[in-house]
Each structure stands twice: as C-alpha cells, then as structure tokens.
Amino acid sequence: MSQLLSQIDKGRLPKHIAIIMDGNGRWAKEQGQDRLFGHYHGVESVRNIVEGCAELGVGYLTLYAFSTENWDRPEYEVVGLMELLVTTIRNEVESLSKNNIRLHVIGDMSMLPEYARKELNEALEITAKNTGLNLVMALSYSGRWELLNAVKNIAYEVKTGKLSVEQIDQDTLQQYLCTSEFPDPELMIRTSGEYRISNFLLYQLAYAELYFTNVRWPDFRKENLYEAILDYQARERRFGKTGEQIADEVGSVK
Ligand code: IPE
Ligand code: IPE
Ligand code: MG
C-alpha cells in the first residue's frame, strides 16, 4: 500500500470531492503539442481518480469537464472535446457498471449536440441502478446558470400557486439546484495553479475546504488525490464557530 494511502483516516473521508480539472492545454503546449493532446491525456487522469475514489469509498465525485464559458473556445477545440466526451463515455460505460459506479450529469444538456446527449442518456440509464461511487460530470455547467435556472423555476411555481413566497427557505432553493440529490462537496480540488472557482458550484461550495495544486490535470494521479485528502483531514472545519467550541464538540463525541 502506498505510504500516503496508509495515512488516510478512512473514517473521516470527505463524502463528496469536487475537482476542477484544469491545465490540459498548458500541459500539451509545454510538450509542443496541440491543446487537444492534453485533453486526450486528461482522460487517463479521470480514469485513475475515479478508480481511486471508488477504492477509498468516497460517496460522490464531481468533475468539472466543460463550463458554460468554455463554449466560447475555438470551434475545433469545442468539437474535439465533444467527440472526446462521446468516445470516452462509450469506452468507459462497461467498466463503470462493472465497478458499481453510477453516472450523473449536471449542466445545460440542451446545449450539447444531439449525438452527445444520446450517448450520455444511454450511459445514465445503464448505470442508474448502481449503488457505489456517484460520478457527477459537470458539462456545459456553471454556477450562475444553475442559480438562474433555480430562481426561474421557483418563480414559476409561485406564479402557478404551487408554492408561496413564505414557504421558500434554504431547503427549497437546494431542491431546485441540479445537485439536489447530492450532499455539498467537503473538498474542492483545482489543478494547475489557478486560484479561482471559475463559476463552479457557487452555492454548494459555501463551506468546502479548497485545495490548490500546481500539478497539471494530465499528470494528476491517485497519489496527488491522497495528498489532497490528507491536507483536508489536517484542517479544522469550524462552520463559523470558534476553535474552542469545535474542540468541545469533538471531546463530547469521544
Ligand atoms: C481544462 O484544461 C479542461 C477544460 C476546460 C475543458 P484547459 O483546457 O483549461 O487547460 P489550460 O488551463 O488552458 O492549460
Ligand atoms: C474551468 O477551467 C472549467 C473546467 C475545468 C471545465 P477554465 O480553464 O475554463 O477556467 P479559467 O478560464 O481559467 O477561469
Ligand atoms: Mg484552464
């Protein structure tokens, strides 16, 4: 067993890990290659990290694969990414099923080309009954898009009399997000040395621990994931309380 893996406290794993998979383009450029070369290699990291999370027993893994803003990239890159998405799903669905992994998608599916939507829907159906790791792909997703959608849908329910303004609370809002079935991420990892959220899970990350690494996504492997989890486990999560209060709570549970 790896040195790092043996140090992880299995009883205190983050239930939900969210990752901004960044740096594919720079990784490729650094080797004098085209950006798409980086995206192809990024798939190997996805495979490795999905496997790592499943082995550990993490409940939810959300991967930011394509943002609303990424539609503004050069057309050849967007088309290349869509094709990569479809072939990856096609190639991986069997192994997802074998490993009891359930696929979910969050984002504006109406923006995706028809052939990609079809492939995704099939994969969602095939893995729907799996009970192991929940793998959530954020595709054509952005936090602002999601919040806008939620507000519109809530307003519509009020307009049609199904909901009153007084009834709306944080639970209502949560139910109208694409992530209503998932707990909030406890650990958010971003690769490739950028220190920003880039419109990812804006509401859900309220109390997530943020972890940034310079490693480019195509180089990111299980060992890097273990480092992030160990860093997370060394932190004190206070949720607005004082350190003393947290120490008392931990003491009273023991
Ligand atoms: C992340 O890598 C993948 C996507 C956004 C689709 P990038 O393509 O953003 O790579 P860099 O950040 O330009 O290196
Ligand atoms: C965020 O990365 C989106 C994904 C990883 C899918 P970007 O590379 O698009 O983010 P910015 O533009 O550097 O903020
Ligand atoms: Mg980037």
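Student: Let's start with cysteines. How many disulfides does the structure hold?
Tutor: The count is 0 disulfides. Keep in mind as we go that this is a predicted model.

Student: Okay. Is Cys-53 buried or exposed?
Tutor: Cys-53 is buried, because its relative accessible area is 0%. Cys-178 is partly exposed, at 26%.

Student: New topic: charges. How many salt bridges are there in the whole structure?
Tutor: A search through the whole structure turns up 23 salt bridges. As background, side chains with opposite charges can pair when their charged atoms come close.

Student: Can you show me one? Which residue does Lys-222 pair with?
Tutor: Lys-222 pairs with Glu-51, and their closest N and O atoms are 2.5 Å apart.

Student: What does Arg-237 pair with?
Tutor: Its side chain meets that of Glu-209 in a salt bridge, 3.5 Å from N to O. This pair also links distant parts of the chain: Arg-237 is in the loop between H8 and helix H9 (243-253), while Glu-209 is in strand E6 (residues 209-212), and the two are 28 residues apart. Both Arg-237 and Glu-209 are buried.

Student: What about Glu-236, which partner does that one have?
Tutor: Glu-236 forms a salt bridge with Arg-238, at 2.6 Å from N to O. Glu-236 is partly exposed, with a relative accessible area of 39%, and Arg-238 is partly exposed too, at 40%.

Student: Let's switch to helices. How far does H5 reach?
Tutor: Helix H5 covers residues 114-127, which is 14 residues, and reaches 20 Å from its first C-alpha to its last. That is close to the 20 Å expected at 1.5 Å a residue.

Student: Which of its residues are buried?
Tutor: The buried residues of H5 are Ala-116, Glu-119, Leu-120, Ala-123 and Thr-127. They cover an arc of only 95° around the axis, so they lie on the same side of the helix.

Student: Hmm, why do residues three or four places apart point the same way?
Tutor: An α-helix has 3.6 residues a turn, so residues with that spacing face the same way.

Student: Got it. Then what's on the face of H5 turned away from the buried side?
Tutor: That face carries the exposed residues Glu-114, Lys-118 and Glu-125.

Student: And what covers the buried residues of H5?
Tutor: The cover includes helix H4 (75-98), strand E3 (102-106) and strand E4 (134-141).

Student: Now aromatics! How many aromatic pairs are there?
Tutor: The count comes to 10 aromatic pairs. In one of them, the rings of Tyr-64 and Phe-200 have centres 4.4 Å apart and planes at 10°, so the pair is stacked. Tyr-64 is in strand E2 (residues 60-67) and Phe-200 is in the loop between strand E5 (187-190) and E6, 136 residues apart.

Student: Are those two buried or exposed?
Tutor: Tyr-64 counts as buried at 7% relative accessibility, and Phe-200 counts as buried at 0%. Together with Tyr-141 and Trp-145, they form one aromatic cluster.

Student: What is Asp-22 in contact with, beyond its neighbours in sequence?
Tutor: Leaving aside neighbours within four places in sequence, Asp-22 is in contact with Arg-190, Thr-191, Ser-192, Glu-194, Arg-216 and Trp-217. Trp-217 also counts as buried, at 1% relative accessibility.

Definitions and conventions:
Residues numbered from 1 in each chain as written. Chains lettered and ligands numbered in written order. Predicted model: local features only at pLDDT ≥ 70, side-chain atom pairs only at ≥ 80, totals over all residues. Heavy atoms only, no water. Salt bridge = Lys/Arg side-chain N within 4 Å of Asp/Glu carboxyl O. Helix = DSSP H or I, 4+ residues; strand = E, 2+ residues; numbered from the N terminus. Buried < 20%, exposed > 50% of the residue type's maximum accessible area, 1.4 Å probe, protein only. Expected span 1.5 Å × (residues − 1). Arc of directions from axis to C-beta. Contact = heavy atoms within 4.5 Å. Disulfide = S-S within 2.5 Å. Phe/Tyr/Trp six-rings, centres within 6.5 Å; stacked < 30°, edge-to-face > 60°.
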